Amino acid sequence: MSATTHDSHGHPRLAHHFFEMEQQHECAKLGMWLFLLTEILFFGGLFCFYFIWRIMDPELFVGASEMLNWKLGGLNTIVLIFSSFTVAMAIRSIQQNKRNACAIYLAITIACAFVFLVVKYFEYSAKIGHGTLPGTSFHDLHFLAEHPEVKNPHIFFSIYFCMTGLHGFHVICGIVYIAWLLYLTLKNRFDSEYYAPIEMGGLYWHLVDLIWIYLFPLLYLI
Amino acid sequence: MSAADSNTNYINHTKGIMSWLLTVDHKRIGLMYMIVVLSAFAAGGFFAVAIRLELFAPEMQIFPAAPTEGASWTYNKAFTLHGAIMVFLFIIPSIPAILGNFCLPIMLGTKDVAFPRLNLASWYIYMIGAAICLYAIFFGNSVDTGWTFYTPYSTSSSSSVTMMTFGVFVLGFSSILTGMNFVVTVHKMRAPGMGWFEMPLFVWGIYATALIQILATPVLAITLLLLIMETTFGIGIFDPANGGDPVLFQHFFWFYSHPAVYIMILPGMAVMSELIAVHSHRTIFGYKLIAYSSVAIAFLGFLVWGHHMFVSGQSEFISLLFSFITFLIGVPTAIKLFNWMTTMYLGQISWNTPMLYALCFMVTFTIGGLTGVFLGALGMDIPLHDTYFVVAHFHYVMMGGTVIAFLGGLHHWWPKIFGKMYSEFWGKIGFVFIFLGFNMTFFSQFILGQQGMPRRYADYAGFEKTQLFETYHQFSTVGSLILAVGFIIILIYLVHSLIAGKKAPANPWGGLSMEWATSSPPPAHNFLEDPVCKHGPYDYDKVRPEDI
């Protein structure tokens, strides 16, 4: 077995192939930003879907967006913005070696994510109850009677369910990841020198939040 | 840093199947990719031969004229699977995941890629994606839409489109994660003393490829996801029956799949720069231009997707623009070719097997590239669209470019990867079969296409020129069999070299980049002591290969 020459590994969390903690941290950050870029492009396809149909058929969007409850959407927007603040505070706390504060902030972030999903659940079940479904299963007679001018109303709700569904999936992934971070924080895995996973979780969570900040006005308000 | 003679290396330092399946060593992961990706190549090749045998004569030969009970294999399925397997399971991961994984960290003088566990995860994701595709092929109803999954074929086909596209969706993540890993490794993991312009050009090529993998593949992912939504829920985006727009699918699809063409060819060009410089023993001409031209191709590659859609009903103005940008891609490509030629001029060329493949690339890829310019011209494209001319063109680029470069790279780094020399004599024999077989198979298809033979037809009886088509098809089929024999020869002597080959020296070809400074095969952590970059990878005027 060949001898490794970094026998003076400083931090116990420094992986074997890095020279120092800073290099490891920089790698994680660049990798995460690249990942966020792929996420933006991934959602970009859906935003294309939205804008192309909005330009082709503006009436559809005006009529159909009335069906969405902007109060519930607004509540969710506030909840997510607040959770972005708490996750940022979690990073700040661990940078100052305050592990308990960090754990509390992470726990609040998870709680906010659950609130978001619960509100979403009520919105979805109301839609499904009215038959306001995506695609060919759309059969909301009430909507069809009120908006006879709208052709293909199912397309708006396809867009709505695809965009919020994919976003909701990202919220669930965020819950799983932040719960794991919380577990590791409680096990004292992080300190002011090694907190890259928390920072990456924060970056991811900000993106999830940011996407919602675009989705809310595009779908509910205009 | 001298080549250390040691009997322990990355292959034998730990034993047992689990030491491979759970490894985070980029070299072992590269070998694991080699096994599965080359198996995919064999499967894709099997379908290719089936297609060629069907076309040996007009009318139906080996496939049923229509899908019947018990005989569900149709010609459409064969060419779809040939395309889908070759594109998604073979060419895209071939050079980056096999040679890139193995060489890139060693060339940069580092112990591993930036995220070794993510690298292993990419391999498993590839395996899961491949398993889903295999399931769709053998337990589902396969797929018969062509590898492009165009709507409304794909929304009305009775084959397992959803399952297959989901498999491709999963494979995309493997590609994205590999690309991310390479970009971060290049930015942050270079050995002390190695600036951007001391990196080997192979690394530049793989870096440009990784950028496209990151920027384009997510768009394929969302496209396939929306296609799955369309086939399952009828969301009305791509299928006109539900109020969707099939041309939009083509835009979405080619926004990924044209850049993907450069995911396939840029690594081939990356390998070429190494082969030409090392086997000509001369400083590469125009290092910076070759490096920048890779990035330029990556960038321009995003702006030309519309040239796949000249007859799909997009506006003439947009078509003109796409046509013009398509011509522009010829510029950085020509820069590379002329720089390679100039490197060979006054060089001391060794006619080793890898160098033969490098020369073959310069001939066949140039033919493929120039016919691409024909097809990029609006007026020319309309009669040639959907004919064998297009088939010949992209096989000259993909096979005459990427696969030939891959074979050259495989022969170039084989001694480094396994520590064994293959038979140079059989290497040259294998090359002759590949070169002749390839050109016989595909040059005849240029003529077929120019004479009007449409692609994707199983039965070409009843054309005015059926007799002419038959002659060229037979020529092409014979060529494809010679090509298949060539691959079998290569397989035999490479496997033979593992058992009975001579032990390879650390630096068999006289290269100057860092992978030649460590032993063959390299130790578990690539170098016995941390390397420092003291000279450029092609400084043949300053450094002798014996001294690195």
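**Close-up 1. Helix 3 of chain B meets helix 6 of chain B in this predicted model.** From helix 3 of chain B come B:Leu81, B:Ala84, B:Phe88, B:Leu89, B:Ile92, B:Pro96, B:Gly100, B:Asn101 and B:Leu104. Facing them in helix 6 of chain B are B:Met164, B:Val168, B:Leu171, B:Ser175, B:Phe182, B:Thr185 and B:Val186. By class, this contact holds 12 nonpolar residues, 4 polar ones and no charged ones. Helix 3 of chain B covers residues 75–107, and helix 6 of chain B covers residues 161–188. Their axes come within 11 Å and cross at roughly 20°. Helix 3 of chain B is therefore roughly parallel to helix 6 of chain B. The crossing is left-handed.

**Close-up 2. Chain B and chain A share an interface.** Chain B gives 44 residues to the contact, and chain A gives 37. Together the two chains bury about 3300 Å². Carbon and sulfur atoms carry 73% of that area. How many salt bridges are counted between chain B and chain A? The count is 1. Over all chains, the count comes to 9 salt bridges.

**Close-up 3. A salt bridge pairs B:Lys188 with A:Glu26.** The closest N and O atoms of the two side chains are 3.2 Å apart. B:Lys188 lies in helix 6 of chain B, while A:Glu26 sits in helix 1 (residues 21–56) of chain A, so the pair joins two chains.

**Close-up 4. Helix 8 of chain B packs against helix 9 of chain B.** Helix 8 of chain B spans residues 246–280, and helix 9 of chain B spans residues 287–300. The angle between them is about 175°, and their axes are 11 Å apart. Helix 8 of chain B is therefore roughly antiparallel to helix 9 of chain B. B:Tyr262, B:Leu266, B:Met269 and B:Ser273 make the contact from helix 8 of chain B. B:Ile290, B:Ser294, B:Ile297 and B:Ala298 make it from helix 9 of chain B. These contact residues divide into 6 nonpolar and 2 polar, with no charged.

**Close-up 5. Helix 3 of chain A packs against helix 4 of chain A.** Residues 70–95 form helix 3 of chain A, and residues 99–129 form helix 4 of chain A. The axes lie 8 Å apart, at an angle of about 165°. Roughly parallel or roughly antiparallel: which describes helix 3 of chain A against helix 4 of chain A? They are roughly antiparallel, because angles over 145 degrees count as such. Helix 3 of chain A passes helix 4 of chain A in a left-handed crossing. The contact has 18 nonpolar, 6 polar and 3 charged residues.

Close-up 6. B:Pro152 is in the loop between helix 4 (116–138) and helix 5 (153–156) of chain B. B:Pro521 falls in the segment after strand 2 (502–503) of chain B.

**Close-up 7. B:Glu59 has a positive phi.** The value is near 70°, in a residue other than glycine. B:Glu59 sits in the loop between helix 2 (26–54) and helix 3 of chain B.

Note on methods. Residues are numbered from 1 along each chain as its sequence is written. Chains are lettered from A and ligands numbered from 1 in the order in which they are written. This is a predicted model: local features need pLDDT of at least 70, side-chain atom pairs count only at pLDDT 80 or more; totals for chains, interfaces and linings use all residues. Side-chain values use heavy atoms; hydrogens and water are left out. Axes are lines fitted to C-alpha atoms, for helices over the stretch in contact, and angles run from 0 to 180 degrees between N-to-C directions. Helices (H or I, at least four residues) and strands (E, at least two) are DSSP runs, numbered from the N terminus. Angles under 35 degrees count as roughly parallel, over 145 as roughly antiparallel, 65 to 115 as roughly perpendicular and the rest as oblique. A crossing is left-handed if the near helix is turned anticlockwise from the far one by less than a right angle, and right-handed if clockwise. Contact means heavy atoms within 4.5 Å. Ala, Val, Leu, Ile, Met, Phe, Trp, Tyr, Cys and Pro count as nonpolar, Asp, Glu, Lys and Arg as charged, and the others, Gly among them, as polar. Buried area is the accessible area (1.4 Å probe) that two parts lose on being put together, summed over both. A salt bridge is a side-chain nitrogen of Lys or Arg within 4 Å of a carboxyl oxygen of Asp or Glu.
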